[in-house]
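Please open the model in your viewer and keep a selection panel at hand. The tour below goes from one selection to the next and says what is to be found at each stop.

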Amino acid sequence: MDLAYYPGCTLKTRAKNFETSALAAMSALGINLVELPRWNCCGTVYSLAEDDLIHHVAAVRNLIRVKEQGKNKVVTLCAFCYNTLKRANLVMKDSPDKRYAINIFMDEEPDYYGEVETAHLLQVLRDDVGWEKIAGRVKHPLKDLKIVGYYGCTLLRPQSVAIDSVERPTILQDLLKALGGTAVDFPFATECCGAFQIVNNRDIITERTAAILGSAAKSGAEALAVSCPLCEYNLRQTQSSTKQPQSGVPVMPALYFTQLMALAFGLDLAVCGFEENSPETRAWLKNKGLIS
Amino acid sequence: MAKREERIGVFVCHCGLNIAGTVDVQRVVDEIKRYPGVVHAEHYMYMCSDPGQELMRKAIREKGLTAVVNANCSPSLHERTFRRVCASVGLNPYRCEIANIREQCSWPHTYDKETATKKALAIIKTTVERLRLNMMLTPLVIPLIKRALVIGGGIAGIQAALDIANGGYQVILVEKEASLGGHVMELSATFPTLESPKDFLIPRIDEVMAHPNIRLYLNSEVDAVSGYVGSFNVKIRQKTKIVEEEIGAIVTAPGFDLLPREKLPVYPDDPDIVDGLQFERILSPERLTYGKIKRPSDGRVPQDIVFIQCAGSRDPEHGMPYCSRVCCMYTAKQVLLYRKAVLEGQAYVCYMDIRSDAKGYEEFFQQVMSHDGVLYVRGNVSRAFRDGDKLKIWTVDTLSGKSLEITADMVVLALAMVSRPGTRELARKLNISVNEHGFLTEAHIKLRPVESLTSGIFLAGTAQWPRDIPDTIASASAAASKVLSLFSRKELLHEPTTAHVDEEVCSGCGVCVPVCTYKAISIDENKKVAVVNEALCEGCGSCAATCPSKAMQHRNWSHRQLLAMIDVAGGGYV
């Protein structure tokens, strides 16, 4: 099965390991993620200003690119791209006035009415593939691996775009269980990591991610499964900047859920790109007997 | 049939400016006076007032009116008034009809006087046409069994049963559980007096058990109900056996439940997160912990405790959009009892607003709020979770705008009050309605608050809406007084404006049977015709509209009348 795939900028720069592992894991499940031949930045952050329609143009343009391919569904990996595209699509679907203004403004493009369904890869795994099929593909179960699913904000908020229960999501844990691992619940699963505050206020990131990592460690987890490159980046940065033992922040790898899939499926480790994760990741995986 | 000569009077009410401010009442009177059959028309400021009624009497007597149109408010308000006026001067009350020119004319057309006036005239003309063919009717007399059924042995059912029994009538009280008292028996104390519910409830239960007029069925449920006001037949299931009773009226008081915890995913399943009723049992001196407040997980005395109000109430996203009305006060009571029992304890209350709107409630709340070791935090809780042997509660103080993390030993959730799962089923058996939340629906929220829309069936207590104990008692006594007033009559009268079958025309096809909400129609298998039980018929007209051969007709809403009304409505106004 072929699915239209929108990568977004980060997956081509700082989160290449997310993309390579996802493409390989999905093709192991018989699904080809076919990258759009032409795409641009999603707009990164969905603008909440009522009259700031220009910020939605980038996202809508991408959705039109999907339609041009004769597809009515597009898959994203990056949680931020998912959020921005999905919300822009809702505007085009449900707000006739804004849709009209945006369509008029983009006079070089065909009119768009929100026809393209925007899905996150986790939804595809749950709804189109199914946990059973995924479990059936597992070669090296992630047994004895206690992992928390860390969702962050953009997969679940606002409720209109949430891929799962806003307050107690289970989709990541369900995937981890299908991969043979032990999914651990923890109260910070949907807390914000601080997001773009990394640019101008690192202290916020340090405080937020320290709390997230601390809570995960207290719950007995050894690693986090993530789906957002920005969460991954922030969690990794904090760990490298607070490695002093007195800080008390546990060192804990944050892995993309697709990396865990590739591991469990027994794929070529090159697709996982573990060298881009935190430096301790490889040692931990070796220690756990998952890589040699 | 020779057409009798009609002498029709039209009385147009101003209703202050409610009608006269929009409808030109003088023009209406002038024009309707010229309408065929109308021999008298006048308008007056308030036709329902004593002088207004006197004007009607005078005109009926002096002009020898044979029929009367009252153009005013909805018939649900004053139809009875004006029909009584007619009867008082010897005119058959069913020769009086209401033309609703307020709710259906002046109110919706406030800004268009011309349209409103024309429409008022059209409404009156159609009513005149209907009236020409109105029959003179007399109410039906139906039998009245002066014995009541009370469903539910909680505090509402107990009150209703005792009120009726003390009025001298027999009561059958059906309770699902093995004992009487319901949720109130689970309470440690009651607000705002801190009186033990056992002090006032146990004597009431004893009174019920010993009352010569009350027959008690414990461990029992209502299995099926048939019949109508005055003579219901009820089948009561007591474990495996079924008992039948004949009764004349029913008080329904099945009570409430708390919202299931799993509806609120932000509160995990944890032994130290309890609901309000569980905490009542912990507070209760004669239960479990003998008055010592201990937390369930390890029996330690909780030094920090968080009470969370509106857990599921006023929260359409997870729970219920309505206010459960009792939680503010019982939480305040629990806080006070906790602080009295745990001298160094700290209580936090997370609240949205405080609702303390009854006698002594605000004073009680103020006393609790200003008690030391009590902190009220205004904001919604976002999450509670376990952290070692403590619980963490994330909330916000909206008065200072700060997010808070409270570390506590125990959490008490004031879960929303909801309708019991069985209430819908019971309502279906009784043929009464429930609202979207499963609460029993009253006939009119202001004017008929304890009546269902099925006559002879009354509502009491928290199955109707969240209520505290005083309100529950008041509603139960009100329902009992409705039963007593019903039983105080010699005989029962029923509106004669029911459906009836022309047996010559009816083919017994039976399409009218399922459309009847009141289950008033059956098919006589021998004669192959439909039969209307007029005591059950509420005159809604569904069967008459459905009947393909027009064999089913509604008295004083016949097809001929409707066609005559349509004729004149089309000609004059549209």
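Begin with the two domains of chain A, where 22 residues of domain 1 of chain A are in contact with 27 residues of domain 2 of chain A. Before going further, please keep in mind that this is a predicted model. To set up the view, colour residues 2–121 of chain A as domain 1 and residues 131–287 of chain A as domain 2; the centres of these two domains of chain A, taken over C-alpha atoms, are separated by 24 Å.

Now stay on the domain 1 side of that contact in chain A and select helices α1 (16–28) and α3 (79–94), each of which supplies at least two residues to the side that touches domain 2 of chain A. Of the elements on this side of domain 1 of chain A, α1(A) gives the most, with 9 residues. If you colour this side of domain 1 of chain A by residue class, you will find 12 nonpolar, 6 polar and 4 charged residues.

Show side chains next: α1(A) brings N17(A), F18(A), S21(A), A22(A), A24(A), A25(A) and A28(A) to the contact, while α11(A) brings T258(A), Q259(A), M261(A), A262(A) and F265(A). By class, the residues of this contact between α1(A) and α11(A) are 8 nonpolar and 4 polar, with no charged residue.

From here, move to the contact between the chains, to which chain B and chain A give 4 residues each. On the chain B side that touches chain A, the residues are 3 nonpolar and 1 charged, with no polar residue.

Chain B itself can be coloured in four parts, namely domain 1 (8–137), domain 2 (147–255 + 420–487), domain 3 (258–418) and domain 4 (496–555). Select domain 2 of chain B and domain 3 of chain B together: their C-alpha centres lie 31 Å apart, and the contact takes 13 residues from domain 2 of chain B and 20 residues from domain 3 of chain B. On the domain 2 side of this contact in chain B, the residues divide into 6 nonpolar, 4 polar and 3 charged.

With side chains shown, R27(B), V28(B), E31(B) and I32(B) of α1(B) can be seen to meet T117(B), A120(B), L121(B) and I124(B) of α5(B). The contact of α1(B) with α5(B) comprises 5 nonpolar, 1 polar and 2 charged residues.

The last stop is an open sheet of 3 strands in chain B, with the order β9-β10-β11 and antiparallel pairing. Strands β9 (220–228) and β11 (241–247) of chain B stand at the edges with a single partner strand each, so one side of each has no neighbour in the sheet. From one strand to the next, the twist averages 20 degrees. Finally, select β10 (residues 231–238) of chain B, which is joined to the antiparallel β11(B) by 7 bridges, and look for Q238(B), which stands opposite K241(B) in β11(B).

Technical notes:
Residues are numbered from 1 along each chain as its sequence is written. Chains are lettered from A and ligands numbered from 1 in the order in which they are written. This is a predicted model: local features need pLDDT of at least 70, side-chain atom pairs count only at pLDDT 80 or more; totals for chains, interfaces and linings use all residues. Two residues are in contact if their C-beta atoms, placed from the backbone, lie within 7 Å. Helices (H or I, at least four residues) and strands (E, at least two) are DSSP runs, numbered from the N terminus. Ala, Val, Leu, Ile, Met, Phe, Trp, Tyr, Cys and Pro count as nonpolar, Asp, Glu, Lys and Arg as charged, and the others, Gly among them, as polar. Two strands pair if DSSP finds at least two bridges between them. Axes are lines fitted to C-alpha atoms, for helices over the stretch in contact, and angles run from 0 to 180 degrees between N-to-C directions. Domain bounds come from an automatic or database domain assignment.
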